[in-house]
Amino acid sequence: MAHILVVEDEEKLARFVELELVHEGYEVTKCGDGREALGLATDNTYDLILLDIMLPGLNGLEVLRRLNNSEEGKTPVILLTARDAVMDKVSGLDAGAVDYITKPFAIEELLARIRVALKLHPSGQSINGASAGNASGNKAAGTGEGILCWKGLVLDEKRHRVTYDDTEVALTNREFEMLKVFLTNQDIVMTRDTLLEKVCGYDYVGETNIVDVYVRFIRSKIDEVFDVKMIETVRGVGYVIKSE
Ligand code: CA
């Protein structure tokens, strides 16, 4: 049975989650300090880490970043975040978390997300981009193998590289995946739900304003820098990249 590391400094909540997880048949290790959690995750193998962001010692995002720089980065991490902490969620996903859940949460929701995370990321499977494999539904509207184009923009899937008029554009994994979805589906209006599903995984149940944040990031790195209007907003629906 899966072994879960629960990192949460609110003792009551940690105890509650532990009891529920044990009840579901999981093996649980509990820890209330960021630095200690990093040590535990480095010295032991867990199938999943439930990681609070606000922690004494080292905050959850920092723990996540350090984990992702090491061998243990392969363990899926679900973040526990405070309500309205959208930037924490985005930073967390960029740092390699597979999911997040906002406190306070219903235990059923947490259990469901844990099941999904364990299914999508069985031990030893890489996290970054693992759930984005189903992102390219239609055949590329651009040209060449694994090469997607729009005006001066070229996205090279194999090299995981984006350029505009031969100038390199540095995108995070999720920004790259989202841009790929747009370029693959040119002239098709993508709803926030669809984008969220394609970029964050099929079973992902998140807040769709994450999508707006990513679109803003991409625009700040491409539209604003190269003075183009690439991703257009379709009011009340979503976003689209038009081929003409
Ligand atoms: Ca906390």
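**Entry 1: Arg159 and Asp156**

I looked up Arg159 and recorded it as exposed, because its relative accessibility is 63%. I noted the cut-offs: buried means under 20% relative accessible area, exposed means over 50%, and partly exposed lies in between, with a 1.4 Å probe and protein chains only. Asp156 counts as buried at 10% relative accessibility. Arg159 and Asp156 form a salt bridge in which the closest N and O atoms are 3.1 Å apart. A salt bridge here is a side-chain nitrogen of Lys or Arg within 4 Å of a carboxyl oxygen of Asp or Glu.

**Entry 2: The model**

I recorded that this is a predicted model, in which local features need pLDDT of at least 70, side-chain atom pairs count only at pLDDT 80 or more, and totals for chains, interfaces and linings use all residues. Residues are numbered from 1 along each chain as its sequence is written, and side-chain values use heavy atoms, with hydrogens and water left out.

**Entry 3: Further salt bridges**

I found 17 salt bridges in the structure. Side chains of opposite charge can pair when their charged atoms come close. Glu18 pairs with Lys30, with 3.7 Å between the closest N and O atoms. Glu18 lies in helix 1 (residues 11-23) and Lys30 in strand 2 (residues 27-31), so this pair ties together parts that are 12 residues apart in sequence. Helices (H or I, at least four residues) and strands (E, at least two) are DSSP runs, numbered from the N terminus. Glu18 is buried at 15% relative accessible area, whereas Lys30 is partly exposed at 28%.

I then looked up Asp99 and Arg113, which form a salt bridge with the closest N and O atoms 3.0 Å apart. Asp99 belongs to strand 5 (residues 99-103) and Arg113 to helix 5 (residues 107-120), so the pair joins parts 14 residues apart in sequence. Asp99 is buried at 7%, and Arg113 is buried at 8%.

**Entry 4: The calcium ion**

I listed the protein donors of the calcium ion as Asp9 (OD), Asp52 (OD) and Met54 (O), lying 2.1 to 2.3 Å from the ion. Donors are N, O and S atoms within 2.8 Å of the metal (3.2 Å for Na, K and Ca); water is not among the atoms, so sites may look incomplete. The spacing of the donor residues in sequence is D-x42-D-x1-M. Asp52 is buried at 2% relative accessibility, but Met54 is exposed at 63%. Asp52 is also linked with Glu8, Glu10 and Lys103 in a network of salt bridges.

Helix 6 (residues 173-184) has 12 residues, of which 11 are buried. Met178 and Phe182 are among the buried residues of this helix.

I traced an open sheet of 3 strands in the order 10-12-11, with antiparallel pairing. Strand 10 (190-191) and strand 11 (231-234) stand at the edges, each with a single partner strand, so one side of each has no neighbour in the sheet. Strand 10 is joined to strand 12 (residues 238-241) by 2 bridges; DSSP must find at least two bridges for two strands to pair. Thr191 has Gly238 of strand 12 as its bridge partner.

Note on methods
The expected span of a helix is 1.5 Å times one less than its number of residues.
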